[in-house]
Amino acid sequence: MSTADLDIDGAVAPPRRNGELIFDAPWQGRAFGICVAVLDREGLGWGDFRPHLVAAIAAEPGADYYGAFTAALDSFLADLGLTTPA
Amino acid sequence: MSEDHHHLRVVSPIEARVTALEELLVEKGYLSHSDIDDFVQRYEHDLGPLNGAKVVARAWTDPAFKERLLANGTAAIAELGFGGPEGDHMIVVESTDEVHHVVVCTLCSCYPWPVLGLPPEWYKSAPYRSRVVREPRAVLTEMGCEVPEDVRIEVWDSSAEARYLVLPPRPAGADGFTEDDLAALVTRDHMIGVAR
């Protein structure tokens, strides 16, 4: 995927400061990194992940972005069949 | 909490979950830790305005490149390896002692991602989009960009057909600077034209 796919508006847009992504803690960067690495690996785009993120945000309104992001990543990886044990 | 105290830190459940997901993918041989490192690096650091800054620094140090850049922005920028769908139809406008260029997208938020990274929030804001066309000097002043009275201001409206990059004047007093030193002086705001 390319940055062109990333949402820049609304609840699904990653937090940014003056255009640059903000990770408040290393694990947030890891969660984001896992997501984009998997999208790249699967030949998918941000749009394929977005529905999971939308659902996770809706499930817990007001929760912090990367909390919802991690829940979304969990369901996304499960849908792809990537979280069944090796 | 700082990294120094890493060993004292209690790992939150969510952090543990992210680590578990990463470990699982690595164990399966699906991804490596360094694959993930690369993506984090790329999104966190390399997608800012650094590419644009390199283009500007090259133009400041290589007159022939500058000529090509102003004649055909897309092609000259591609010489440095930058481009892609959102960087097509690049037009580079040069700010000088006579004219100051500033870029907006009044219709939506067209923005040259490959050279400038993710757009800052204000770029999409209605006040910026509507006012910079009507009263650019006032908007620039409010943003801390003083354009001398005798310098004309030109506003460029980006669209899918044309995305603009401002080539700011080379700063005075940077004569002995290398191209890398010069690139470090260039900010995203310079290349949108809201700094001088």
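Helices, taken as DSSP runs of H or I with at least four residues, are numbered from the N terminus, and in this predicted model Gly47(A) lies in one of them, helix α2 of chain A. Gly47(A) is exposed, because there are 11 other C-beta atoms within 10 Å, where a residue counts as exposed at 12 or fewer. The C-alpha atom of Gly47(A) is separated by 8.2 Å from that of Leu6(A), although the two residues are 41 residues apart along the chain.

Chain A as a whole contains 3 helices and 2 strands, and its elements follow the order β-β-α-α-α when read from the N terminus. Of the 86 residues of this chain, 36% count as buried. Among the contacts in chain A that link residues at least 6 apart in sequence, 52% join residues at least 24 apart.

Two packed helices are described by the angle between their axes and by the distance between those axes. In chain A, helix α2 (residues 46-59) packs with helix α3 (residues 65-79) at an angle of about 130°, and the two axes are 8 Å apart. That angle makes α2(A) oblique to α3(A), and the crossing of these two helices is right-handed. On the side of α2(A), the residues that take part are Phe49(A), His52(A), Leu53(A), Ala56(A) and Ile57(A), which meet Ala68(A), Phe69(A), Ala71(A), Ala72(A), Ser75(A) and Phe76(A) in α3(A). Sorted by class, the contact of α2(A) with α3(A) comprises 9 nonpolar and 2 polar residues, with no charged residues.

In chain B, attention turns to the strands. Strand β2 (residues 99-104) of chain B is mostly covered, since 5 of its 6 residues are buried, that is, have 20 or more other C-beta atoms within 10 Å. This strand, β2(B), pairs in the parallel sense with strand β3 (residues 152-157) of chain B over 6 bridges, and within the pairing His100(B) stands opposite Ile153(B) in β3(B).

A further strand of chain B, β4 (residues 163-167), holds Val166(B). Val166(B) is buried, because 24 other C-beta atoms lie within 10 Å and the cut-off for a buried residue is 20 or more. When residues up to four places away in sequence are not counted, Val166(B) touches Val93(B), Ser95(B), His101(B), Val103(B), His190(B), Met191(B), Ile192(B) and Gly193(B). The C-alpha atoms of Val166(B) and Val56(B) are separated by 8.7 Å, while the two residues are 110 residues apart along the chain.

Note on methods
Residues numbered from 1 in each chain as written. Chains lettered and ligands numbered in written order. Predicted model: local features only at pLDDT ≥ 70, side-chain atom pairs only at ≥ 80, totals over all residues. Axes fitted to C-alpha atoms, helices over the stretch in contact; angles between N-to-C directions. Parallel < 35°, antiparallel > 145°, perpendicular 65-115°, else oblique. Left-handed = near helix turned anticlockwise from the far one by under 90°. Contact = placed C-beta atoms within 7 Å. Nonpolar A, V, L, I, M, F, W, Y, C, P; charged D, E, K, R; others polar. Pairing = 2+ DSSP bridges.
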